[in-house]
Amino acid sequence: MSYVTVSARIRRDLYEKLKKYNIVISDVIRRALEEEVARREEVREALRRAQEILSKIPSEEVVEAIRRSREER
């Protein structure tokens, strides 16, 4: 597996607290990035499924639903 190095600028007081609590910065960053990617992949998949469902609804039906909704306001 190939790796790259990333860096982030943080406040010195945060850095001191991380050291005080013996927090392994690289582990925290790696986990946070992995979680963020997983979250975005879930959203992308949900959008794909929604698009698949919505593509089966005729556009005339969507337009009519929007008009009814506007009239109810």
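**Figure 1. Overall view of the chain.** Of the 73 residues in the chain, 1% are buried; here buried denotes under 20% relative accessible area, exposed over 50%, and partly exposed the range in between, with a 1.4 Å probe and protein chains only. The model is predicted, so local features need pLDDT of at least 70 and side-chain atom pairs count only at pLDDT 80 or more, whereas totals for chains, interfaces and linings use all residues. Residues are numbered from 1 along each chain as its sequence is written, and side-chain values use heavy atoms, with hydrogens and water left out. The chain contains three helices and zero strands, in the order α-α-α from the N terminus on. With a radius of gyration of 23 Å, well over the 11 Å that the globule rule gives for 73 residues, the chain is more spread out than a compact globule. Helices (H or I, at least four residues) and strands (E, at least two) are DSSP runs, numbered from the N terminus. The radius of gyration is taken over C-alpha atoms, and the globule rule is 2.2 Å times the number of residues to the power 0.38. Along the principal axes, the C-alpha atoms fill a box of roughly 60 × 35 × 20 Å.

**Figure 2. Surface and charge of the chain.** The accessible surface amounts to about 7600 Å², and carbon and sulfur atoms account for 54% of that area. Accessible areas come from the Shrake-Rupley method with a 1.4 Å probe, and for residues only the protein chains shown count as cover. The chain carries 18 positive and 15 negative side chains, and the centres of these two sets are 8 Å apart. Lys and Arg are counted as positive and Asp and Glu as negative, while His and the chain ends are not counted. Each charge is placed at NZ of Lys, CZ of Arg, CG of Asp or CD of Glu.

**Figure 3. A nonpolar surface patch that includes Ile29.** Val4, Val6, Ile29 and Leu33 make a nonpolar surface patch of about 390 Å². Patches consist of residues with over 30% relative accessible area and no salt bridge, like charges being joined within 9 Å and nonpolar side chains (Val, Leu, Ile, Met, Phe, Trp, Tyr) within 5 Å. Ile29 belongs to helix 2 (residues 25-54) and is partly exposed, its relative accessible area being 36%.

**Figure 4. The salt bridge between Asp13 and Arg11.** A salt bridge is a side-chain nitrogen of Lys or Arg within 4 Å of a carboxyl oxygen of Asp or Glu, and by this rule the count comes to eight salt bridges. One of them joins the side chains of Asp13 and Arg11, at 3.0 Å from N to O. Asp13 is partly exposed, at 38% relative accessible area, whereas Arg11 counts as exposed, at 56% relative accessibility.

Figure 5. Asp27 and Arg30 form a salt bridge in which the closest N and O atoms are 3.1 Å apart. Both residues lie in helix 2, three residues apart, about one turn of the helix. Asp27 is partly exposed, with a relative accessible area of 36%, and Arg30 is also partly exposed, with a value of 41%. Arg40 and Glu36 form another salt bridge, with 2.7 Å between the closest N and O atoms. This pair is likewise located in helix 2, four residues apart, about one turn of the helix. Arg40 is exposed, with a relative accessible area of 55%, while Glu36 is partly exposed, at 28%. Further, Glu45, Arg48, Arg49 and Glu52 are joined into one network by salt bridges that share partners.

Figure 6. Lys20 is part of helix 1 (residues 12-20) and is exposed, with a relative accessible area of 61%. Between Lys20 and Glu42, the separation is 22 residues in sequence and 35 Å in space, C-alpha to C-alpha. Asn22 sits in the loop between helix 1 and helix 2. Although Asn22 is not a glycine, its phi is positive, at about 55°. Asn22 is exposed, with a relative accessible area of 65%.

**Figure 7. Gln51 and its separation from Arg70.** Gln51 is placed in helix 2 and is exposed, with 57% relative accessible area. Gln51 and Arg70 are separated by 19 residues in sequence and by 23 Å in space, C-alpha to C-alpha.
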